[in-house]
Amino acid sequence: MLWTTLLALTALVEAAPQLKRQGTTTMLRFGCAQVVIDRLDPLVNPGLVPSPHVHQIVGGNGFNASMTTGDVSNGASCTTCAFSDDFSNYWTANLYFKARNGSYKRVQQLGAARQFNDDFSTKIGGGILVYYVSAQPGKITAFKPGFRMLVGNPNSRTADPAMKRQNCFRCYTGPNFGGDVSAPCQDAKIDTQSLPSQPCKGGIRSNIHFPTCWDGKNLDSPDHKSHVAYPTSGPATFLTLGGNCPSTHPVRIPQLMYEVVWDTTPFNDKNEWPTDGSQPFYFSYGDNTGYGQHADYVFGWKGDALQKGMDASGCMGAKCKDMKTQTIDNAKKCSVKTTVNENHDGWIAKLPGVEMPMNM
Ligand SMILES: *[C@@H]1O[C@H](CO)[C@@H](O)[C@H](O)[C@H]1NC(C)=O
Ligand SMILES: *[C@@H]1O[C@H](CO)[C@@H](O)[C@H](O)[C@H]1NC(C)=O
């Protein structure tokens, strides 16, 4: 997600006088550097050490295996995110290259394609970009302390048509993020639900959109999904500006989206790819289709900091009125001690924990 989308969004907002009258859309877009890589999942496997697969985690340093309830902003003293009141945790599965000899090597995560209004986008090495969009008109209610949710299913190995606009990959077709031309998950010709089948000259991007409607009562649910829902028109996109919520989930919440970019370029030599022509990248949970891509969220903004951002008009990027920010150097000082000590950067013979059942 990038400047072209921002321009499209700005153009749309300007073209719609009724939006202007009632307040304009705000899109916070900011980097969060890595806080730890660990085999923990306090959302799906609370208290389990180690959990079935390795994740890359960003955000507050309150992250631990059993952060199951309560206001996580109280358990954190620093964050890796550009907005320094954001002690939330965001995590996704790691990606690995599988060599012909069967060994795996982790693919490094990168910053974003282009800088937008901040010093984080291109310097978050190992982190992700986070988006919170408030598609006005109408009230957008920020998440409450203790709120958490999950998108995707690591057990999926086939395409779910309902996920098409919500969970996709972009193959950057040239160096310097070539092919970064339109909003994520909108163009079936360039965005795929499966991992790209060919080498991507500029790396691979993953975008995951979370639901934008909430039941207004439950901070979580047994499957970590049922307390939230997509609008009646299907997954929201930035360009459709929201949509109506179903009566079961009437409360409009911010459009949260993660953007992960992997530098797959050291692994683009086809002579090192599988001889059967398949692609060589595997998620930490043993998936080489990409259909199991999933993302976890635990809300942890301090006080009403996120609500203020969502109520503000026209904020775009990593700066917004009174919202506090920090420098990237400061953010990178924040970290969490690894609980499950494993080799994250060398060649490994198998994906850690991949034999454990994933109880989803
Ligand atoms: C984990 O985090 C929770 C929530 O912040 C906190 O209550 C708990 O004490 C932490 N556990 C450990 C072992 O640090
Ligand atoms: C497997 O292949 C990779 C890539 O060619 C190589 O770097 C690694 O040392 C090999 N590992 C073993 C155990 O042979």
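**Exercise 1.** Are C168 and C185 buried or exposed?

*Solution.* We begin with the term itself: buried means under 20% relative accessible area, exposed means over 50%, and partly exposed lies in between, with a 1.4 Å probe and protein chains only. By this rule C168 is buried, and C185 is buried as well. This is a predicted model, in which local features need pLDDT of at least 70 and side-chain atom pairs count only at pLDDT 80 or more, whereas totals for chains, interfaces and linings use all residues. Residues are numbered from 1 along each chain as its sequence is written, and side-chain values use heavy atoms, with hydrogens and water left out.

**Exercise 2.** Describe the bond between C168 and C185, and say what it ties together.

*Solution.* The two residues form a disulfide (a pair of cysteine sulfur atoms within 2.5 Å), with their sulfur atoms 2.2 Å apart. The torsion about the S-S bond is about -90 degrees, so this disulfide is left-handed. Because C168 lies in strand β10 (residues 167-171) and C185 in the loop between β10 and β11 (191-192), the pair ties together parts that are 17 residues apart in sequence. Strands here are DSSP runs of E with at least two residues, and helices are runs of H or I with at least four, numbered from the N terminus.

Notes: Chains lettered and ligands numbered in written order.
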